[in-house]
Amino acid sequence: MNKQEPTSLHLTLPNRLSYGLGGAVYAVKEAAYVMFVLLFYTQVLGLSGTATGIVLALSLVWDAVSDPMVGSWSDRFKSRWGRRHPFMIFSTVPMGLGFIALFAPPDFVLDSELSLAGWLLGCSLWIRTALTFFSIPHYTLVAEITQDYHDRSALMGQRTAFLFLTTLLLPSACLYFLFDEGAGGDGRFIASNYVTYGWLSALFVWITATACIAGTWKFIGHTRVDPARAPSTPGFAGLWRDFLSTFQNRNFRNVLGYDLGATASYGITIALNVIFWTYFWELGATEMGVLLGLSVVIAVPIAMVFLKTAGRRMPKHDIVKWAVVVMLLDLSWPYFLRWFDLIPDNGDPVIFGILVVQNAVFMSFFILRIVAIASLTADLTDEHEAETGLRQEGGFYAVLQFTTKLGGAVGPLYGGFALDMVGLEEGMRPGSVEQSTLDALVLIGAAAIVPLMLVAFVFTFRFSMTEERLLQIQELIARRRRNE
């Protein structure tokens with residue numbers, strides 16, 4: 001067998017930045033679906049909340065099923081461009097086209113709820129499939145570029161920083177400049193503004209994906225492995241067996257249990273956040289744009305500083321544990337202040353300041369939990385190789401994405417159900433909705449968010465990976481290769 005493998009690279013800042021840009025590609029989809037799709041299709045186009053929620057949930061289920069297939073395929077793929085980059089290259093153009101179609105449905109689908117729901121489903125399936133072909137191979141690169149316990153966190157930190165900066169700054173800028181209050185009224189309720197947003201999303205995807213591919217080209221050699229270490233079970237059934245084999249790792253099974261609870265809770269939070277800001281707190285589009293921008297500008301540096309300081313002294317599983325606790329507490333305190341009349345009425349600058357603080361704290365610890373879980377998963381691919389002899393980075397990250405997206409499917413489904421349950425209908429404007437209706441909406445959200453966060457917290461006690469343990473695993477793998 002060929003035992004020559006690429007030597008470890010010293011990771012420079014440009015190396016980390018070029019890898020991190022892939023997070024911006026993924027974030028364009030997050031920004032669209034987190035901030036605008038539910039509002040656009042329900043309050044602007046008139047699709048019912050339940051129908052929108054079901055369609056978005058279905059697209060997420062397909063996304064979750066396709067991820068393991070692409071991950072396993074890339075693990076066994078062989079080409080002169082390595083295992084990962086061909087998938088990233090050929091997904092870029094279709095991805096951008098999907099965003100253009102998503103926000104510019106043709107006139108013939110607008111007269112029928114069934115046709116409009118079908119258009120939303122088709123566009124969502126298209127975007128998510130193209131993104132899977134880019135993001136899963138890109139995600140796996142971190143486990144191949146470096147074996148260092150902390151360097152993996154640094155790479156994931158860059159990816160997550162770009163992801164959050166784009167997820168929030170892109171819609172923030174558009175809320176401020178594109179969806180602001182103009183001669184036609186509140187820009188969030190004007191359909192033509194969303195056509196422009198779709199084109200901006202496409203351009204952003206094409207630019208950042210191209211830059212990421214070019215910047216990570218030097219790592220192609222690190223994606224190649226000896227055939228004896230790659231999965232080789234033939235056929236479609238083999239891909240599924242590769243997928244199922246990742247569950248042999250006990251640590252990874254518990255990570256997935258945690259992730260299901262955490263992402264389902266987060267999905268509901270994000271699906272309802274824009275609705276809460278618009279109706280419960282009565283923020284305008286410009287205020288929401290500034291809120292998102294300030295929050296992310298505060299949160300990303302805090303998270304990066306924490307990773308460089310406490311993150312080097314605290315194992316990854318403990319970072320996840322504390323992040324869950326802080327996020328759970330942070331979600332609730334502004335609403336208690338409102339219900340106990342401890343804060344001014346809506347419109348007072350104090351309200352805006354409270355929401356900036358709340359959102360910045362939540363995002364800081366959410367970034368930390370994402371980085372810690374993604375970096376820990378890279379370590380578990382080494383543990384899996386020590387146990388089975390196979391490298392399955394794509395399989396591991398695809399399964400992680402699988403559970404993340406299954407959990408995320410709960411968000412729009414539950415969010416759409418909540419909107420219909422409290423009677424928040426098309427055309428309603430901030431200030432015109434009864435406070436009892438808004439309180440009911442918050443309580444319906446909390447009834448799902450809190451139990452799911454508690455489930456996630458319980459699972460954080462059931463997985464671990466320290467730097468010392470990782471070094472032992474890597475030494476075992478190295479000895480095995482030397483003896484082959």
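Close-up 1. At 1.5 Å a residue, the 24 residues of α10 (residues 316-339) should span 34 Å, and the end C-alpha atoms sit 37 Å apart, which agrees. That expected span is 1.5 Å times one less than the number of residues. Helices here are DSSP runs (H or I, at least four residues), numbered from the N terminus. This is a predicted model, where local features need pLDDT of at least 70 and side-chain atom pairs count only at pLDDT 80 or more, while totals for chains, interfaces and linings use all residues. Residues are numbered from 1 along each chain as its sequence is written, and side-chain values use heavy atoms, with hydrogens and water left out. Look at Trp333 for a kink of about 30 degrees, shortly before the proline Pro334; the bend is the angle between axes fitted to the seven residues ending at a residue and the seven starting there. After α10 comes Asp341, with a positive phi near 55 degrees.

**Close-up 2. Helix α8 alongside α10.** The axes of α8 and α10 come within 13 Å and cross at roughly 25 degrees. Axes are lines fitted to C-alpha atoms, for helices over the stretch in contact, with angles from 0 to 180 degrees between N-to-C directions. The pair is therefore roughly parallel (angles under 35 degrees; over 145 is roughly antiparallel, 65 to 115 roughly perpendicular, the rest oblique). The crossing is left-handed, meaning the near helix is turned anticlockwise from the far one by less than a right angle, with clockwise being right-handed. Tyr258, Thr269, Phe276 and Phe280 of α8 touch α10 residues including Val320, Leu331 and Arg338; contact means heavy atoms within 4.5 Å.

**Close-up 3. Helix α1 across α8.** Here α1 (residues 13-44) packs against α8 (residues 250-280) at about 70 degrees, axes 8 Å apart, so the two are roughly perpendicular. This crossing is right-handed. From α1, Val34, Met35, Leu38 and Gln43 meet Ile270, Ala271, Val274, Trp277 and Tyr279 of α8. By class, that contact has eight nonpolar, one polar and no charged residues (nonpolar: Ala, Val, Leu, Ile, Met, Phe, Trp, Tyr, Cys and Pro; charged: Asp, Glu, Lys and Arg; polar: the others, Gly among them).

**Close-up 4. Helix α1 with α5.** The axes of α1 and α5 (residues 149-177) lie 6 Å apart, at an angle of about 40 degrees, so this pair is oblique. Their crossing is right-handed. The contact brings in 19 nonpolar, five polar and three charged residues.
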